[in-house]
Structure formats: structure tokens, C-alpha cells
Amino acid sequence: MLEFIRERAQGWVAWVIVIFLIATFALWGIQEYVSPDASVNVAVVDGKEIPATQFQQTYQQQRARLQAMLGANFNPAMLDEKSMKNDVLEGMIDREVLVLNAAQSGMQVGDTRVGTYIRAIPELQNDGQFDKERYNNLLRSQGLSVKGFEQAIRGDLLLQQLRQGVMDTAFVTQPEVDALIRLREQRRDLGYLIVPVAQYLAEVQVDEQAIKRYYEDNREKFRTPEQVSVDYIELSVANLAGGEQITEEVLRQRYEEHKSEFSVPEERQARHILIQASSDAPPAQIDAARTKIQEILARVRKGESFADLARHYSEDPGSAQNGGDLGFFSRGAMDKAFEDASFALTEGQVSEPVRSAFGFHIIKLESVRGGQSKPFEEVRAQLAQEIKRQRAEEQYFALAEQLYNLTFENPDNLTVAAETLRLPIHSSGLFTREQGSGIASHPKVRAAAFGDDVLLRGNNSEAVELAADHEVVLRIKEHKPEAVRPLETVREEISQLLRIETAKKKTEEVGRALLSRLEKGEDIVSAATSLNLAWVRPGLVGRAAADVNPEIIGEAFRLQRPLPGKPLFGGKSLPSGDFTVLAVYEVKDGDPAGVDSASKQSTVETLVRGRAESEFQGYVKALKAKTDIKRYPDKM
């Protein structure tokens, strides 16, 4: 199967498969694209080494996924790298332990399944067919071998099989389902008020000494990381293709040369009646099947309904109930003998008996569609795009070599290369080692910019390949070392921060004092009015109530059940700085009998998923306990 993939596919694609596979196997990652020859290991699992280079690759992939998920909200300073590295290492250890156990248990994934999985990836298909050139170009652009990649897919499918086998044993009981419904559908009779931070913010005054003291005590908070900006020359097939103009003559010539590629495949809709008789059936059975199909054909020729006869006599379980209707199909989808007979018929015509690998058929052709070529105007834009792309690819590889040579021979500037190749010099904004926008959003660009040859020696970078058809050469434009921002630039920021902190403390003091009064029995509405605050009484609310602050809802559902006739009070500082005082008057559990079947099924699935995950983690933990594992965290 894998050899079939290598020999029969064709095309070109960028890096999308990597993202697809990362999403598919996010639990484990794919660690075996390359088998690094490394003597430094971060762990050894029952003799199987996990090299530091492999760990670093996996860690950087995980970090990149996190950054992609958070986008502009990603803040490297908030990242607990030690914890994240430990998590990545344990994930890699888990993988090795499970692979070892699967091998010991005799579990295998064959070539057919691996090949089927790879061929089914949409990003590797061209018009619904697996495209080998896309596949190979992608692996080549990522420095991966076909063998190593397919080995990685095999390992992940094996782990998927093992995981599913353990998790499929999970089940839940009806009392557990009912208990969850009672909790999930629970409603609480709620009242609350808000002590707003804005009410006290205007009263707060911050003196200069407090600002200076905060600055000295928290200087690291105001440290800016090292930053650079770069000038760069960008070379990409997309940019080159965008400026290309294609004449009408060239377009029409291309159309005539490739006209067959623009035809709509002919499809045929047919009905059939099958009397089964495999090729290795006894002669007597074959003769009986041939006789029976001849008898049915005679009845068709006399005018009996083909569909009715198919429902009554056809031995094809997939189509008999539909009157033998097979729908539309194109060449290559059916048994060769069946296909040849179907495509030899005219609409409404019934065939003579046809012998296939399954038995004897009578075929009636219902309708024909397709088979005609698309007109030139319909494919004009596609032709132009293909020609532009083809020419741009040819130009790209020629220019890429010149760009490399010119920037290497003139390491102190980009001007020579830009003028010779007639390519513009672009500039980026400032970015750090960990984060940037535009061209600096690419980790490879940041790594090159902060490399010693570029940053310290002032040379042009080597060509940085962002994709198989996209590369840049860059040099430092501006360099800002790491530094603590001066007090003058952060004074207002600190002042506002201290004012907010002081106002928050005031709201909590007022809120806690009010809460104490209510717990002693003071009337709620009167107590709120004395502070110019409003007591809000939304009544019974569920966990997902849309008209109440989710933080207040969460706190209300964390409180214990109140005694009958006596509200239970609570208080909480909100992220906004406000403080809420709330009361729960009554708790009403959900009624399992009142929940529809779809919701009940959803509850069952939720519980089963949770239990299955818990059982699988327990299974992994048990395997690790009896496996010889050595960890070397200082090598991470």
C-alpha cells in the first residue's frame, strides 16, 4: 500500500499537513519524523532513549501550538517553562511506555491502514485523489524522510488503537447519570449587590514616595526584553506569480493542449439485479445462477417492472430494497465487466446477463451525465493561475540561488542583491526572541535575527526558508538591549495601579463589613440602601444564566445549601475590582424525569468520556510504575 502511494501520486503543497497531523495527534505529538543521532538523553524508558534533540523539537512544537492558540494574548513572561518542559517530557515518556506495552501485547498496524490514513488527508489530495508530489515536497521541505514519517504515523495509529481499547471499557450506571442531571440542572434562588470599585477610585490619592517604593520593589516588572528590527528581502512564488501577465494566445494554447483535463467525467446511473455466484463456486451453483438470471431477464423483456423484480429477486443487499438503484458512478468504481457493460448501454436499455466476480447481473441504464469538456471561459482563470504558478516556480529557483550568492558575497548590505534582482527591501517593527508580528511571527526569522552572525557580527543572514516556495534574507536594522524602563516612563502606570489596588481593598472592606451585618440578621434591603447600593433579586437561576455575572453565579453555586427559611450569605472580589455580596435562599435540584432523551444521552456520553479518560490515565500510570524509567531533567 505504501509503495502504491509512492509510485502513483503527484502534485505540490506547502506545510499544511504538519498542522493537520499536530491537530490530529495533539495528545502525543509526532516525535519520530527524524531519528537524531544524539548521545545526550533526557530520559531512558526500559532501554529506549529519548534524545535531548528530540525533546527540544517536541517542546518547541508544543510552545508554537500554544502561541498559535493564544495569538496576540501570548505572553512569554507568563509561561512556566519548567512546568511545561516537565509536562512535555512526561508526555514523551507516556508514549514510549505505551508503544512498549503495545509491542509486548502483539498489537500491530499494517501498511494498508497507514496508507489509507495518509491517502485520506484532504491536504494531500488533488481533485479527491492522493497527490504524491505534494506529499514528497512537504516532507522534503521539513527535512523528513518518507520512512520516518510513515513510521511515526504507524506509531500514532497504534497508540490510538491502544487508547481506544482501554477507554471503550468505561461505563456508567443510571444512578450516576441521575445524580449528574440533578447537579447540572440545579437552580438557586439568588440575590446580590455590587460594591463598585469606581465609587472609591476617585477618592484615592497616591503620593510620590509610594510610587518610588513600588518601582524599586518591582523593577523586574518594568524590564523590557531585548528587541531588534530587521531589513529583509523576501522571495516567494506567490509574489512572483502575482505580477505575471498572461496573454490570451498563451491561455488558449494551454487550453487546447490540456483540453482533456477539463472534461467532466462521464457518470452513469444504473439499476441491477444480482444473482450471486462467486468465481470459485461449484459448477452446479454457477449454472443455477445463470439459469435464474435468464428467467428474470425474460420477465423484464416482457415488460415487468425492473425495480419490482430487483426488490424481489436481487441478492445485492445494498441496492435491492431501492429497486436495484446504484446511483451515479464513474469509470473505475465498479467491477470491470460490470463497468464495461454499463458504459456500453444507452439510456433505458437493459443488458444481457453480465458475469462479474460477484455473480450474474442484469443492468438497466437509467441516465447519463457529464462527459463534456468545460468551455474555455469557464477555466480561463484556472489556466492563468496555473501558468503564472509554473513560470513563477521556474523564476523562483533561479532567483533564490542569485539571492543567496549576492547576499553572501556582500554580507554588509542588502542593497546590491535588491538592485540586481529588482526586489524591494522591507523593514519589520521591533520584536523579541519570543514574539513578533508580520515576518517576525515566524520562529525561524526570530532565530536568525538573534543569531550571533547577524546580531553580533552585523552580517546578512543565510536564506531563511519559511516554506518550500518562500524565503527571506535579513539583516539587523535596530537593536535595543534588555533594560528596565525609567521611572519617568512608568510613573502614571504605577500611580494608576496603586490607586486601583487601594480602591479594591476599600470595596472589599465595605463588602465584608456589610456581609457581617447581614449574617447577624440585619435586613438586606435596608443594609444595602444605607450604603446607596441596590439589592438585586433575579430569583431562581441556573448555572448558565445569561443575565447575571458568571463570577456571581459561580460563587452562588459554590455555597452550601441554606437551611429552610434562612438565606446563606457569601462574598467575593470580582476581577473588575468590584465586590459582590450575595445570598442563596433556596436550592432546587434538577429532575431527571423531566429531561429529554437527547439531554440524557449527552449526560451519559459526558460521564463515559470523563471516566474513560480517568481509566486510561490510571492505566498509563500503572504501566509506568512497573517500567524502568530514568529521567535527566538537567539535560532538558
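Visitor: In which strand is Glu267 found?
Guide: Glu267 sits in strand β8. Keep in mind that this is a predicted model.

Visitor: Why is Glu267 called partly exposed?
Guide: Its relative accessibility is 23%. Buried means under 20%, and exposed means over 50%. The value lies in between, so Glu267 counts as partly exposed.

Visitor: Which residues does Glu267 touch, leaving out those up to four places away in sequence?
Guide: Phe328, Phe329, Ser330, Ser367, Val368 and Arg369. Each has heavy atoms within 4.5 Å of Glu267, so each counts as a contact.

Visitor: How far is the C-alpha atom of Glu267 from that of Gln62?
Guide: The separation is 47 Å. Along the chain, the two residues are 205 residues apart.

Visitor: What is the order of strands in the open sheet?
Guide: The order is β9-β8-β11-β10, four strands with antiparallel pairing.

Visitor: Which are the edge strands, and what makes them so?
Guide: They are β9 (325–330) and β10 (354–355). Each pairs on one side only.

Visitor: What holds strands of a sheet together in pairs?
Guide: Backbone hydrogen bonds, with the strands either parallel or antiparallel.

Visitor: How do you know that β13 and β14 pair?
Guide: Three bridges join β13 (residues 464–467) to β14 (residues 470–480). The threshold is at least two, so they count as paired. The strands run antiparallel, and Ala467 stands opposite His470 in β14. The two strands form a hairpin with two residues between them.

Visitor: How does the radius of gyration of the protein chain compare with that of a compact globule?
Guide: The protein chain has 35 Å. A compact globule of 636 residues would be near 26 Å. The C-alpha atoms fill a box of roughly 105 × 80 × 60 Å along the principal axes.

Visitor: What share of the residues counts as buried?
Guide: Of the 636 residues, 40%. The cut-off is under 20% relative accessible area.

Visitor: How many positive and negative side chains are there?
Guide: There are 79 positive and 95 negative ones. The centres of the two sets lie 4 Å apart.

Technical notes: Residues numbered from 1 in each chain as written. Predicted model: local features only at pLDDT ≥ 70, side-chain atom pairs only at ≥ 80, totals over all residues. Heavy atoms only, no water. Rg over C-alpha atoms; globule rule 2.2 N^0.38 Å. Buried < 20%, exposed > 50% of the residue type's maximum accessible area, 1.4 Å probe, protein only. Lys, Arg positive; Asp, Glu negative; His and termini not counted. Charge placed at Lys NZ, Arg CZ, Asp CG, Glu CD.
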